[in-house]
Amino acid sequence: VLWLAERLSGLGLRVGVVSRGYGRRGAGPRRVAAGDPPAEVGDEPALLARRLRLPVAVAARRADAVRLIEGECDVILSDDGLQHHALARDVEIVVVDGRRGLGNGWRLPAGPLREPAARLAAVDAVVVNGPGFERAGAIRMALEPLRFVELASGAEAPPSAFAGTRVRGVAALGHPDRFFALLRDLGAEPIEHRFRDHAALRAADIAFGDGLPVLMTEKDAVKCQGFAPKGAWYLEVGARLVGEGERRLLAALEAAV
């Protein structure tokens, strides 16, 4: 979503983002401002508002969120909305985790899918995040580590800053193994601390008292901004579409607009 918003804005389009705001307090429609508490708007919308500085809105019914911002947008992106059939859409993009693929191919609760595998044939684009899953015509995507940022000071460090260093890795994600693997790819040696996806982290969850650096995702960092100790860092990443993928996807979106 970040990649799409940045590229479409670069084409001169007015872009907005809507989300359910999973795990937030309250269900009514609300605009999200940079700095809003994640507990009130959701961790991912809080991250998007901070990074994008574009209109972002949340609502249990995504159509209600759209109504809050549609008058000021040419394009509205809905994250994690493929199965939200009440929201009309012009373009559908599915992102598949390369390592996990479609799992056992079953839908929840027997498997990981929210839609049947056959749904992939009806969407406009399939984007595969990382190596692994293969599908004819799929666009390949890779996540690129950009920088580490210390929560308390805003200081920045290169992705290689913790190579050869024992660290505390904190992840409240649906697939934390991918984050820990990324830290290892960068040369760090993480002690893993896993929490359920979207968990509301507390000060005690990231205070270990041993002086080791604490590394987390940006999604988790927005929940720790007010109490993170010195030495707590988040890794900022960016998406990179491989080969002709960027041109193909932007051409499809421009045609729809």
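1. Start with helix 3: its buried residues are D43, P45, A46, L47, L48, A49 and L52. Buried here means under 20% relative accessible area, with a 1.4 Å probe and protein chains only. Helices are DSSP runs (H or I, at least four residues), strands are runs of E (at least two), and both are numbered from the N terminus.

2. A quick word on the source: this is a predicted model, where local features need pLDDT of at least 70, side-chain atom pairs count only at pLDDT 80 or more, and totals for chains, interfaces and linings use all residues. Residues are numbered from 1 along each chain as its sequence is written, and side-chain values use heavy atoms, leaving out hydrogens and water.

3. Now hop to strand 6 (residues 125-129), where five of five residues are buried. In a regular strand the side chains alternate between the two faces of the sheet. Here A125, V127 and N129 sit on one side and V126 and V128 on the other, and both faces are covered.

4. What about its neighbours? Strand 5 (residues 93-97) runs parallel to strand 6, joined by five bridges; strands pair if DSSP finds at least two bridges between them. V95 stands opposite V127. Strand 7 (residues 139-150) is also parallel to strand 6, with three bridges, and its M141 is the bridge partner of N129.

Methods. Buried means under 20% relative accessible area, exposed over 50%, partly exposed in between (1.4 Å probe, protein chains only).
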